[in-house]
Amino acid sequence: MNGFRKTHDTILSVHDLRVNFASEAGTVHAVRGISFDLKRGTTLGIVGESGSGKSVTSMAIMGLLDSNAHVEGRIDFEGENLLEKTDAQMSELRGKRIAMIFQDPLSALTPVYTIGQQMREALVTHNPDMSEDEVRARSVELLTLVGIPNAEQRLNAFPHHFSGGMRQRVVIAMAIANNPDVIIADEPTTALDVTIQAQILDVLRTAQKETGAALIFITHDLGVVASIADDIIVMYAGRPVEHASVGEIFSHPVMPYTMGLLGAVPRPDQAKNARLVPIPGSPTNLVNLPEGCSFADRCPMAADICRAGEPQMEEIGELGVGSETAQAHRVACYRAGEILAQHMTFRDVYGMEESIPSIFADVPREQRQMVLNVEHLTKTFSVSGGGFLRRRVGTVYAVNDVSLDIREGETVALVGESGSGKSTTLLQVMNLAAPEQGSIELFGTDVAAKMSRKERQMLHEKVQYVFQDPMSSLDPRLPIYDILAEPLKVLGMSKQEINTRIGELMELVGLKPDQVDRFPNQFSGGQRQRIAIARALAVNPRLILLDEPVSALDVSIQAGVLNLLEDLQNKLGVAYLFVAHNLSVVRHLASRVAVMYLGHIVEAGDVDEVFDHPQHPYTKALLSAVPVPDPEYERQRERIILDGDLPSPTEKIEGCAFASRCPLYKQLSEEQKRVCDTQRPSLVGGAAGSEGAVSAGFADSLSTERNTDRIVACHWTNVA
Amino acid sequence: MLRYVAKRIANYCVMLFVAITMTYFLASAFMDPRSNYMSRNPRPPMDSINHALDNANINDQTPVITRYVRWLTGVVTRWDWGKAPDQSSVGEAIVSRMGASLQLVTLATVLSIVIGVSIGVYTAIRQYKWQDRVLNSIATFIFVIPPAVLAVAVVFFAIEVNTVAGSRLFYVTGLHSYQGENFGLWFLDFLQHLILPTISMTLGGAVGYHLTQRTYLLDEMNADYVRTARAKGLTLNQAIRRHALRNSLIPTAQSVAFSIAGVFTGATVTESVFAINGLGRYFVTTIGQNDINGTVAIAAFSGVCTLVGALLADIVAAWLDPRIRLN
């Protein structure tokens, strides 16, 4: 339609926007002076951690802030100040000229209306004259554009019939329904799996191209914006601290906070070469803001001037090295001059830390003791019909024939999309009971074996669990002392011993021992996860099961917790079985990795081996979907974007479970396809690394020597 | 859908049978209709007492199992729910009182729902504004007053009005007193009787709906999909009306479905205060008078009403919420 309006003129301009909220603790200064100009057809990324004010900024533009918000400044849209408009005037713009996409697609659609009804509303609200036929035709057109197959029929479906990724597509379709000039996307992919994230980012690019709209992309993940944004604003504690083109931000970050955000994140595309360096401290409290620069307390470069007054955003002018765009690079930092003059990088600012050598460093893997050995583990859930008798109508194979082993002092990661059976595998190990099928052996003892109560308790002590969300895994009404003392009391330790042990534990996880009388809510998220780890360590376990241990934490906090886990392993020799969807974290922490798809392990092996030379088409797709915080790399990168979602686990699949989404499958001959459709591939030793110069043929019949312990479940790894 | 309902009804019949049987044995174990005769002065001869008790099938000298089988045969073959100790028919008593209950409770129930839900929506949209605070304070105040006190207060107020007006505008007992043929006058007389119990019941009922509906709507108003609707260009009020309201009505509709059962089983306290012979009072009376058959019959009747309410609640929920499937 009117896709190519004049590009590069300013459509939206924000001047010194300030937002305050009244709260019981005092006034929350959520946004403290942000300004930017948004040009047509461009994408602005706003990056920051929770509490940085990025979402509040977007809600202020939409005019959707709560009534207790106090907003100052100007938001000019086509020469009119949006802040002076009434709700009725704003609703004429919302959805028509300025549209928004939200974070959680599962709750963003009204559950009681069909997709068609909700699409219709988006169209009719602004075009009351549209006929039913026109509405229908346009809805189908939009849904097809965002990649919903059979759009005509899906109009009558309800949101709960759709997966998360599909619902996000519907939300995008509604947002672009009226060809808006500005689209605001607030963390649109955060709640989705990486493979779906890659699809949605693609859809957003298409949507932007079709409408010619300017896009504001809000995220905490620098990797995601690297591929989509033209300009980036980094926010901290309600203020912008750095604003530049995407290339500049990634190649020459100036503000120490930006450097920290980039440096504290492990890279999925690079082998772990050094220890992560965390940004010290925890995010700034927005009620009691410090006098000077709000980042000063956490900044290694902070000087007296930084604590005296807040720095303003200033252009760094010609100092920007190798800037390929004319876009000005602006930064709010008193020490920017020095940083630029000395070409300081993340390492110079934050320094280096040495890793503690592992106590098992010199012991080859084969000689270490086996901690966990899982063989052919299978876990099913029955799906029962409704009614009086609750007949069994189907079986879900949550975990299907999974085998893995962990030795002392190593970390094994399970990765895969949600629904792949990672967490169920973890829970089966935690159960310490005979599995439905297969066997679980801990430290050489089969858990199915008959044991006395005492013996079983001993086994329990050696396996501990750390949960994803430290907010809900610690009892809010118990002081830290009691939380840590609980497992020790079970062991029958004396009060004196418990006190000593708790002191040790607090120091071990980097907390002050005199804080034990505080309650969990007096700690930050990262500190709480440290407490959860201390609780797991209390009984000297030899295996810790980690279920997404850092995914609920802010980027700047994650590094600290990852370092802690690494140190503890090196010091104590404890083994980890680790579930995560963040593949960068996996690459950094794990020594071995198993990729799961629909309850099966499809590929497993040494972490660098699997990440650098993936062989299974699913592993390849999964890795290629991970965004890398490097715009240069992102631009050159070939993405494999998987079609569709994970098939329903109730579906009975004869052959390879991945065949329905497999990019390789599409290229195969009919005869080869038949093998995929009829035979379940078994895990066999894969071709070694990159020099897998094996002639095309059945991977099953490979006679090459196994020079790695890599295993792959695919008939055709050598064809691709 | 029909299959589901049929299945549920079959299921309920089994539950009802078990519940009624248990009530029969419990009532037979605890109630002593013989004492009704024994305490009379002068005491009737033993033979005639036994004869009367046998006639009503509540003689404690007959084994309870025999009485139960006899009673059950009567219910199943003749729809005869037995007799009270004074030989009156239980079935007839219930039917005549059901009419009174229906007249009394229907209007109050409808008004409670309409007024309560409307005020709930009104206050939720104006959360923490003065209208919300005032209405909430009043609601909380009424909520904590026991229904009997509330009814007596209404009576007291009405008598004051009658005194000031100098004529009888409001009747404080019964449902009817007009004896003539004129329908208009009959209806006016009925309203004059009905208005006071209706006010006292509506006050209590509406407050409940107001407070719950307000909470339900507030929960939904902050839902993400309301924000999505506003981002599409709906004003706050449109978004609430079209999106939040329908979702918030689902739990209310379910409790309305349950309350329909209450229409038939009556309102004990209100009936007592206003001297209306409804089912609520009848229930209390049967227990007081050792009326085994009456107690069982009314237990069966409220059982049926409650289960019908539960079934209605399920159907209503499935009708309003496409995520719920009845199968």
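Chain A of this predicted model has a mean pLDDT of 84, and 92% of its residues reach 70 or more; pLDDT is the predictor's confidence in each residue, on a scale from 0 to 100. Over residues 1–7 of chain A the pLDDT stays under 50, and the model gives this stretch eleven contacts beyond four places in sequence (a contact means C-beta atoms, placed from the backbone, within 7 Å). Residues 688–707 of chain A also have pLDDT below 50, with 28 contacts beyond near neighbours in sequence.

Residues are numbered from 1 along each chain as its sequence is written, and chains are lettered from A and ligands numbered from 1 in the order of writing. Because the model is predicted, local features need pLDDT of at least 70 and side-chain atom pairs count only at 80 or more, while totals for chains, interfaces and linings use all residues.

Turning to a helix pair, the axes of α4(A) (residues 115–124) and α7(A) (residues 164–175) come within 9 Å and cross at roughly 25°. Helices here are DSSP runs of H or I, at least four residues, numbered from the N terminus. The two helices are therefore roughly parallel, a term for angles under 35 degrees. A:I115, A:Q118, A:M119 and A:A122 of α4(A) meet A:V170, A:A173 and A:M174 of α7(A).

In chain B, the 15 residues of helix α4 (residues 64–78) should span 21 Å at 1.5 Å a residue, and the end C-alpha atoms agree, being 20 Å apart; the expected span is 1.5 Å times one less than the number of residues. Just after α4(B), B:W79 adopts a positive phi of about 50°.

Note on methods: Contact = placed C-beta atoms within 7 Å. Axes fitted to C-alpha atoms, helices over the stretch in contact; angles between N-to-C directions. Parallel < 35°, antiparallel > 145°, perpendicular 65-115°, else oblique.
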